[in-house]
Amino acid sequence: MLDVILYAVGTVLLVCVAFVFIFAVFLANKRRQFSHIPSPPIGSFFKGHADEITEMRHKGFPTDHKFLEWHIEYGKVLLVWFWHVPLLLVAGSEMVKEILIVKNLPKDPQSYEILSYLYGQRRFYLIGHFRVPKTLTFKKRLVLFKTNLFPRSLKDLMSSFNSTADLLLDHLSTMADGKTLICMVDEFARAALDVICKVAFGMEIDVISGKDTKFTDAVSLSFHGVEEATFDLFHKFKVFQFPFQRRVVSSVKFLRETARKVIEVRKSAMKRGEQVPDDILQRIIEQEKIPGVGIEEMLDDFVTFFIAGHETTSNMLAFCVLDLADHPDILDSLVGEIFDVLGDKKHVAFDDLAKLHQHGLVLKETLRRHPTATGTLRRTNKEMEIGGYKIPANVSVMTSTYVSSHFPEYWNKPEEYNPYRFEDEELLKRSHYNYFPFSLGPRNCIGQNFAQIEAKVLLSRFLQTFKFSLVPGQSRDVLERVTLRPKDGVMCTLTKRN
C-alpha cells in the first residue's frame with residue numbers, strides 16, 4: 001500500500017515538475033518575441049511585473065502611477081508582463097490619437113471579461129463587447145442612448161439635478177453642527193445614485209437619507225469584486241468557494257433582479273397605455289425590437305448605466321472637496337463665483353452653468369489629477385507598428401489618461417493643483433490627446449456631459465450652503481476598485497453659511 005502511495009506522489013510531483021518546465025520554456029520563448037520593445041527589469045520570472053504593479057495599491061497610489069514612473073524612465077512605449085500576458089503601455093499623444101481615433105482599435109475582450117462575468121455570474125456585457133446583431137453597427141446602437149444624453153436633452157433635466165441637490169442639502173443640514181463627522185464620498189455617491197435612478201430609470205428610492213443602503217452597498221461590493229478578480233490569476237476557479245465571492249455574486253444578482261423588476265413595471269405601464277418618460281430605460285426597452293436582443297441584453301444595459309452613471313460623478317466630487325480643502329484661496333474664489341452667479345437663488349438654471357466658469361476649471365483639474373477611470377484597454381487586430389516598434393496581432397494596448405495627465409513633458413508641474421492651467425489656450429491645444437478622462441473617439445463615454453453638468457450643480461449648491469472642514473489626520477491615499485476614490489472617505493464637519 002505504501003509503495004502505491006509513494007508511486008502516486010512521485011508521479012504527481014513528476015507531472016508538476018514537467019508542467020513547470022514546459023511553462024518556463026513557453027514563457028521564455030514568448031518573452032523573446034517581445035525583446036525588441038523596451039521593458040522595465042522583470043522582478044519575477046513567472047509573475048513578471050505583477051508584484052510591482054499590485055504593490056502600488058498598498059502604497060495608496062493607483063497602479064497607473066507605477067506605469068507613469070516606468071514611462072518617465074524607459075520611454076513612451078514599453079512592455080510589461082502579467083505572468084505570461086504581455087501588456088503594451090503607450091503614453092505619446094500622437095500614438096494615443098492613432099490608437100483611439102485613427103485606427104480605433106477594438107476593446108480588449110479578455111480584459112473586459114471580468115467586467116462581464118464576475119465569479120461566474122453575468123454582470124453586464126455592454127462595456128466589453130457590445131454584443132449586438134451583426135446587422136446593427138456600433139454607431140447605430142449608441143444612437144438609441146445618445147438621444148437622451150446630448151446637451152439639448154440635459155437642459156430638461158435641470159429640475160431633477162436640483163431636486164436631488166435639495167434632498168442632499170436637507171440631509172446634510174441635520175448634521176451641520178461643526179462636530180458630526182460626515183463621509184463625503186458616501187454622501188455624494190448616494191446623491192449621484194438618486195439622480196441616475198430618477199432621470200434614467202424613473203425610480204424613486206430613499207438612498208440619500210442613508211436608511212436604504214442596499215443599492216450603494218451592492219455597487220461598491222461589485223466594484224470590489226472586479227478589482228480583486230483583476231489581480232487574481234485563478235479567479236475563474238474560485239466560484240462560490242469563499243464568503244467574499246458569495247457576497248459579490250449576491251450583489252450582482254440583486255442589481256440584475258432590480259433591473260428586471262423595473263423593466264417589467266415599465267413594460268406593463270406601456271401595455272396599459274400610460275404615458276411613460278422618454279428616458280434611458282425607454283431606450284433600453286426599445287432594443288427589444290432588434291432581432292437577437294432579449295431580456296438579458298436589456299439587463300446588461302441597465303446595470304451598465306446604473307453603475308457607471310453615478311460612480312464617476314461621486315468620486316469626482318469627493319476628490320474635488322479634498323483638493324479644495326488643501327487650497328483655501330481657490331475655494332474662496334469659487335464660493336465668490338457662486339454668489340456672483342446665483343446670488344440668493346436656490347436652484348441652478350441651465351444658463352447659469354456657462355457662467356460658473358471656475359467650477360468648470362476645478363472639475364477639469366480634479367479629473368486630470370484623479371481620473372476616476374484611469375485608462376482604456378484596446379487590442380491590436382493585426383500586426384502593426386506603434387511608436388516605431390512592430391507589435392504582433394492580439395496584444396493588449398493600454399492608453400492611460402492618468403499617465404498622460406501627469407507626464408512632465410506635457411504639463412508644467414503636473415503634481416501641483418492648479419485649475420487655472422486650463423485657461424491657457426496653447427495648453428488646451430496641446431492637451432487634447434493628453435487629457436481624456438472620458439476616453440476619446442467613437443468609443444468614448446457617452447455620459448460625460450451628463451456627469452459634468454450634474455457635478456457642477458451638486459458642487460455649486462453644496463458650497464453655496466455649507467462651509468466644510470477636513471477632519472485632521474486624513475491621508476491623500478487613493479483606493480482603487482476599478483475606479484479611483486479617496487481612501488479615507490473625505491471625512492468632514494459642516495457648518496451652514498450665513
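Two strands count as paired if DSSP finds at least two bridges between them. Helices (H or I, at least four residues) and strands (E, at least two) are DSSP runs, numbered from the N terminus. With that in place, S6 and S9 run antiparallel and are joined by five bridges. Within that pairing, Leu 377 stands opposite Met 398 of S9.

Some ground rules before going on. This is a predicted model, in which local features need pLDDT of at least 70 and side-chain atom pairs count only at pLDDT 80 or more, while totals for chains, interfaces and linings use all residues. Residues are numbered from 1 along each chain as its sequence is written, and side-chain values use heavy atoms, with hydrogens and water left out.

Now the sheet that S6 and S9 belong to. It is an open sheet of four strands, ordered S1-S2-S9-S6, with mixed pairing. S1 and S6 (375-379) are the edge strands, each pairing on one side only. On average, neighbouring strands here are turned by 30° against each other, direction ignored. For angles, axes are lines fitted to C-alpha atoms, for helices over the stretch in contact, and the values run from 0 to 180 degrees between N-to-C directions.

Helix H3 (residues 63-74) packs on this sheet and touches S1, S2 and S9, its direction making about 135° with that of S1. Contact here means heavy atoms within 4.5 Å. Helix H4 (residues 93-102) lies across S1, S2, S6 and S9, and runs at about 120° to S9.

Going through the strands, S1 (residues 77-82) and S2 run antiparallel, joined by six bridges. Leu 79 stands opposite Leu 88 in S2. The hairpin of S1 and S2 has two residues between the strands, and in it Trp 83 takes a positive phi near 55°. On its other pairing, S2 meets S9 (residues 396-400) in the parallel sense, over four bridges. There Leu 87 has Ser 396 in S9 as its bridge partner.

Is S2 (residues 85-90) mostly covered or mostly open? It is mostly covered, as five of its six residues are buried. Buried means under 20% relative accessible area, exposed over 50%, and partly exposed in between, with a 1.4 Å probe and protein chains only.

Next, the other sheet. Three strands form an open sheet in the order S5-S13-S10, and the pairing is antiparallel. Its edge strands are S5 (182-183) and S10 (466-470), each of which pairs on one side only. S10 pairs with S13 (residues 491-496) over five bridges, in the antiparallel sense. Lys 467 has Thr 495 in S13 as its bridge partner. Helix H9 (residues 158-173) lies across S5, S10 and S13, at about 60° to S10.

H12 has 29 residues and reaches 42 Å from first C-alpha to last, close to the 42 Å expected at 1.5 Å a residue. The expected span is 1.5 Å times one less than the number of residues. Just after H12, Gly 273 takes a positive phi of about 80°.

Asp 323 is buried, with a relative accessible area of 3%. Leaving aside residues up to four places away in sequence, Asp 323 touches Thr 366, Arg 369, His 370 and Tyr 417. With which side chain does the side chain of Asp 323 make a polar contact? The partner is the side chain of His 370, at 3.2 Å. A polar contact is a pair of N or O atoms within 3.5 Å; within protein, one must be able to donate a hydrogen and the other to accept it, and residues adjacent in sequence count only if both atoms are side-chain atoms. Asp 323 and Arg 476 are 153 residues apart in sequence, and 9.3 Å apart in space, C-alpha to C-alpha.

Last, the aromatics. Rings of Phe, Tyr and Trp (its six-membered ring) pair if their centres lie within 6.5 Å; planes under 30 degrees apart count as stacked, over 60 as edge-to-face, and the rest as tilted. The count by this rule is 12 aromatic pairs. Trp 411 and Phe 422 form a tilted pair, because their ring centres are 5.9 Å apart and their planes at 55°. Both Trp 411 and Phe 422 are buried. Trp 411 and Tyr 435 have ring centres 6.5 Å apart and planes at 65°, so this pair is edge-to-face. Phe 188, Phe 462, Phe 466 and Phe 468 form one aromatic cluster.
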